[in-house]
Amino acid sequence: MTPLPDRIDLLIEARWIVPVVPSGIILEDHCLAIHQGRIVALLSQANAADVQARERVQLGEQVLIPGLVNAHTHAAMSLFRGLADDLPLMSWLNDHIWPAEARWVNEAFVRCGTSLAIAEMLRGGTTCFADMYFYPEVTARVAMESGIRAQVAFPIIDNPIPGAKDSAEAISKGLRLHDEVKHNPLVQVAFGPHAPYTVGDEVLNRIRTLADELDLPIQMHIHETAFEVEEAVRQTGLRPLQRLDQLNLVTPRLQAVHMTQVNDLDRTMLGELGVSVIHCPESNLKLGSGFCPVQDLLDAGVNVALGTDGAASNNDLDMFGEMRTAALLAKGLTGKPTAVDAHTALHMATLGGARALCLGDEIGSLEPGKSADLVAVDLSGVAQQPVYNPLSQILYSTSAAQVSHVWVAGKARVRNSQLLGMDLPGILAEARAWARDIKQGDQHDD
């Protein structure tokens, strides 16, 4: 082991530590040593007794895990939470969400909605999120101010969108944002073509060329519903993933969101070409969009991450709930109680997400050298007792409410369940004001 500095910045003592790597390991009565924002060692508490640290945190009956990675969100849509529930995807989009966005979305909306979402995510143990929404420069700015890690995918659609009159302007503004944040340690930029049915071949070819030149990821909604796939086959003779492959977009850089419709050809292509699939089980279930065959994809060697999607279709950003739903759904779909076990579910929510976002060398597991993005979960509550296996309790008995501490790059963002560095009362007051305006506007339309 590399010798520790004479005095480290932070030593965290926990009843249990789940490092994710090596897989399947749960360490009891161990410590995590952190210095200059990075993990420098995992030690037994006995071996850490003489370690000098500027700060010591004793967590008691808590488990320390890597920070959760929410690999797909539309953060600002938290202001549309509950606006149009219990509707199929295309009706939800065409008749409710898109008209509401056209009327209400501006920079102030995105700033408030993103702040609300980040507060919820940090409080719930998410230390990194991938976003795709309008005014991405606002999202990036709020993320930097909040101290959360983020991949900001700038949205690209052939039609005008809030903040960009066409795809060319959206790409131009996105590239400018990339230049502005490329040296920021917490925020990176990605291309965000909305979906195969909203972006034509000419624009997709330009995106591919630029992504190759700049080595940037591409996040895209793909095979979200059976209707999407059927319409693509009817119009082009190709499934959307096949079309994207013909455009040379199916690469390890692609983050394929949803993938509820997967046949043998899709599965083989995803595995052989190194695509990451981002599974959003609760949003897919709520919208009746279908079921991503996660265990089949894992068996084919596909990296699978988890995302909540936006709060307008979920309706929360709780990654603990997403893990549990993903595990239960996989068991129900396969008829195998061993499908997506607790370690696999946590892997998808941490290292799987990190790898999908091209951050696997930086976050996603508690290994020396990686950034200290960490979450402590309190298992002392009545609903978590008795604790035979802390990881099982995380998956099947825990929610975001049990998160007690959060660190991003070694800096505390939640301490003793209290959010740090954000004006939560002010955010909530502004969100309520937006809700009043939106509700009154809908009533006037009636």
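The side chains of Glu-145 and Arg-111 meet in a salt bridge, with N and O 2.6 Å apart; a salt bridge here is a side-chain nitrogen of Lys or Arg within 4 Å of a carboxyl oxygen of Asp or Glu. This pair links distant parts of the chain, 34 residues apart, with Glu-145 in helix H3 (residues 136-146) and Arg-111 in helix H2 (residues 107-123). Helices (H or I, at least four residues) and strands (E, at least two) are DSSP runs, numbered from the N terminus. Glu-145 counts as partly exposed at 47% relative accessibility, and Arg-111 counts as partly exposed at 34%. For these labels, buried means under 20% relative accessible area, exposed over 50%, and partly exposed in between (1.4 Å probe, protein chains only).

A word on the basis of these values: the model is predicted, local features need pLDDT of at least 70, side-chain atom pairs count only at pLDDT 80 or more, and totals for chains, interfaces and linings use all residues. Residues are numbered from 1 along each chain as its sequence is written, and side-chain values use heavy atoms, with hydrogens and water left out.

In total, the structure holds 19 salt bridges. Within helix H6 (residues 226-236), Arg-234 and Glu-231 lie 3 residues apart, about one turn of the helix, and their side chains form a salt bridge of 2.8 Å, N to O. Arg-234 is exposed, with a relative accessible area of 59%, whereas Glu-231 counts as partly exposed at 22%.

Another salt bridge, 2.6 Å from N to O, joins Asp-266 to Arg-239. Asp-266 belongs to helix H8 and Arg-239 to the loop between H6 and H7, so the pair ties together parts that are 27 residues apart in sequence. Here Asp-266 is buried, its relative accessible area being 0%, and Arg-239 counts as buried at 16%. Elsewhere, salt bridges with shared partners join Arg-15, Glu-28, Asp-29 and Glu-61 into one network.

Helix H8 itself spans residues 264-273, and its buried residues include Asp-266, Met-269 and Leu-270. These cover an arc of only 95° around the axis, which puts them on the same side of H8; the arc is that of the directions from the helix axis to the C-beta atoms. Exposed Asp-264 and Glu-272 sit on the face turned away from that buried side. Among the elements covering the buried residues of H8 are helix H7 (240-246), strand E12 (276-279) and helix H10 (294-299), where contact means heavy atoms within 4.5 Å. Just after H8, Gly-274 adopts a positive phi of about 75°.
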